[in-house]
Amino acid sequence: MTIWRRIFLIWIFLISLAVGVYFICFKNHEVSAIVVIDAGHGGYDTGAINQNHGQEEKTITMEIAYKIGQAIKKLDPTIQVEFTRLDDTVSWPMDELEDLKARIQIANEAQADYFLSIHLNSSTNTDAYGYEGFIKAEDSFSSSVYEKIASSFEDLSYSQDRGLFTQTPLMVVHEQSIPSLLLEVGFISNDVELMKLDNERIQSALAQKIAQAYVEEIHKEKEAS
């Protein structure tokens, strides 16, 4: 083999290697969608509190929201996940209206394609239980996501489906131009349901199902476009 042929083959090898590195490091990590996950309440705002045991909504929503985000990234690394908060420190003022505006602003600045807000329900009727969702009337994407979540929760034998609602004006839902779902995962006021909501294994199972619903619907929407 001549010296020039060897040089030629070395160059071919280096070019092939460079192309491979590009596809592994860059092409495979192109962002296909951006999802902002909002852990309800936080900081000064505890959210609902279980009167018997003292658990606060803001803590459990943070745990579930984070698990959902991690599950989405594991299922599809091309989906970028952003959070409105990752701990109990919030950057916005101690004002409910400014609080809600800040969460929407985070989604706007991230140029999010989808928004999910995680909450827990509460009632003076401590027997009340179940999960429910809130979306805009025209939001077919979030409606399909909720249907998938409800179906998969049923497969887990988790709680009951209280329904999907469009009439209730919720700022983090109705003031956004992107598909937005506020999901009440269960009742913190119900001691039996709280035991599930505060259980790490059950949180992970619920988060996995929620993540799968989002990933499947995002893929479906991308394929249709």
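Trainee: Which residues does glutamate 132 touch, leaving out those up to four places away in sequence?

Mentor: In this predicted model, glutamate 132 touches Asn121, Tyr146, Arg162, Gly163, Phe165, Leu182, Leu183 and Glu184, with residues up to four places away in sequence not counted.

Trainee: And is glutamate 132 buried or exposed?

Mentor: Glutamate 132 counts as buried, because its relative accessibility is 8% and the cut-off for buried is under 20%.

Trainee: What does the side chain of glutamate 132 make a polar contact with?

Mentor: The partner is the side chain of asparagine 121, and the distance for this polar contact is 2.9 Å.

Trainee: Which strand does glutamate 132 lie in, and how does strand β4 pair with β6?

Mentor: Glutamate 132 lies in strand β4, which spans residues 131–134 and pairs with β6, residues 180–187, in the antiparallel sense over three bridges; phenylalanine 134 stands opposite leucine 182 in β6.

Trainee: Zooming out, in what order do the six strands form the sheet?

Mentor: The order is β2-β1-β3-β6-β4-β5, in an open sheet with mixed pairing, and the edge strands, each pairing on one side only, are β2 (79–83) and β5 (161–165). From one strand to the next, the twist averages 20 degrees.

Trainee: Changing topic, which strands do helix α3 and helix α7 lie across?

Mentor: Helix α3, residues 96–109, lies across β1 (33–39), β2 and β3 (114–121), and runs at about 165 degrees to β1. Helix α7, residues 200–224, lies across β1, β2, β3 and β6, and its direction is at about 155 degrees to β3.

Technical notes: Residues numbered from 1 in each chain as written. Predicted model: local features only at pLDDT ≥ 70, side-chain atom pairs only at ≥ 80, totals over all residues. Heavy atoms only, no water. Pairing = 2+ DSSP bridges. Helix = DSSP H or I, 4+ residues; strand = E, 2+ residues; numbered from the N terminus. Axes fitted to C-alpha atoms, helices over the stretch in contact; angles between N-to-C directions. Contact = heavy atoms within 4.5 Å. Buried < 20%, exposed > 50% of the residue type's maximum accessible area, 1.4 Å probe, protein only. Polar contact = N/O pair within 3.5 Å; in protein donor to acceptor, adjacent residues only side chain to side chain.
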